[in-house]
Amino acid sequence: FRVALVHVAIVVGLYVFIGNSGVVSFGHVSFVALGAFAAGLMTISAGVKRGIMPELFPILRDHSVGNVESLLLAAGLGAAFALLVGLPLMRLSGLAAGIATFAVLGITHNVLFNYTKIGPGATALTNIPETTGLAQGLIGALIAIVVAWLYQLSRFGRLLRATREDPAAAQAVGVSIHRQRLIAFTLSGALCGFGGGLLVHYAGTITTEDVYLDLTFLTLAMLVVGGAGSLLGAVVGALLISGLDSFLTTAEGGVHIVGLKIDLHDGTHLVVLGVVMALVLVLYPAGVTGGREFRLPRIWRRLSVEGRT
């Protein structure tokens, strides 16, 4: 269940941009990767880093931070990187935007894989404190949900959805599509970086392959299955697909259910997830939630109305 909560934080980060803008991005896992490696690296004790990663820049090798600080660092780096790459890329739409963001993912992966001044390179980053328990995972997921909810209720969120529904009309009334997309892209980068910090503190170890194509496909499947057009869809999709993926991955190593042994071939989980995503797109184009959104209970809505009157 802990990994499902981590996935909720990451997928909600994707929703902030993809769901509100209607622009598909294949590069958001690059922000997850940056946040994960930054949070993991900076919470390893300086003495250990000097022994296992002597080539690191001195500021990375000789300093360490606590758990909370590492998550804030991950979010900040995710936001800064998203802002940097978003300045030119947020002028793109459609296929061009998808290809450009995928290029960002490839560049990020190769830099982390080959540049040992900022990380372990091709080897695994280990000795990371495993601090993402059930409580921290739940708090982290709730923080991401609340931030996304407040954003979509804000003026910026409404303006971005207006550019999604009718770009020409939005521009005609003075809305800057580039500016609104950039704001959402930066915020989603912060949430994805934050999710990466939660992820690395859940696993205790990470490689560049852990935050590359498989995670990109998995998180996009979560968003599509739940429904990219709503925050509720992002949360529901993350929980459903995370549970299915965990079961299938375990079944690939053999699992007994009610006396029956299930032993799937390696890679089955990706095939099944692909089939599920295709079926949902055909049968439920708006996702299993149908685009429905979180609703306050009637009693709270009634109290809110009475309070305003």
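User: Which helix gives the most to the lining of the largest pocket, and with how many residues?

Analyst: That's H10, with four residues. This is a predicted model, so local features need pLDDT of at least 70, side-chain atom pairs count only at pLDDT 80 or more, and totals for chains, interfaces and linings use all residues. Residues are numbered from 1 along each chain as its sequence is written, and side-chain values use heavy atoms, leaving out hydrogens and water.

User: What makes a residue part of that lining?

Analyst: An atom within 4 Å of a pocket point (1 Å grid, 1.4 Å probe, an open set with protein on both sides within 12 Å along at least five of seven lines). For the largest pocket, 19 residues make the list, and His 7, Asp 210, Leu 215, Leu 218 and Asp 245 are the closest to its centre. Its volume is about 500 Å³.

User: How do the residues of the second largest pocket's lining divide by class?

Analyst: Twelve are nonpolar, four polar and none charged. Leu 223, Val 224, Ala 228, Leu 281 and Pro 285 lie nearest the centre of this pocket, and Ala, Val, Leu and Pro are among the types that count as nonpolar. The largest pocket's lining has ten nonpolar, five polar and four charged residues.

User: Why is H7 called roughly antiparallel to H10?

Analyst: H7 (residues 134-153) and H10 (residues 177-203) pack at about 175°, with axes 10 Å apart. Angles over 145 degrees count as roughly antiparallel, so H7 is roughly antiparallel to H10.

User: Which residues in H7 meet H10?

Analyst: Gln 136, Gly 140, Ile 143, Ala 144, Val 147 and Tyr 151 do, where contact means heavy atoms within 4.5 Å.

Definitions and conventions
Axes are lines fitted to C-alpha atoms, for helices over the stretch in contact, and angles run from 0 to 180 degrees between N-to-C directions. Helices (H or I, at least four residues) and strands (E, at least two) are DSSP runs, numbered from the N terminus. Angles under 35 degrees count as roughly parallel, over 145 as roughly antiparallel, 65 to 115 as roughly perpendicular and the rest as oblique. Grid points are joined across faces, edges and corners, and a volume is the space filled by probe spheres set on the points.
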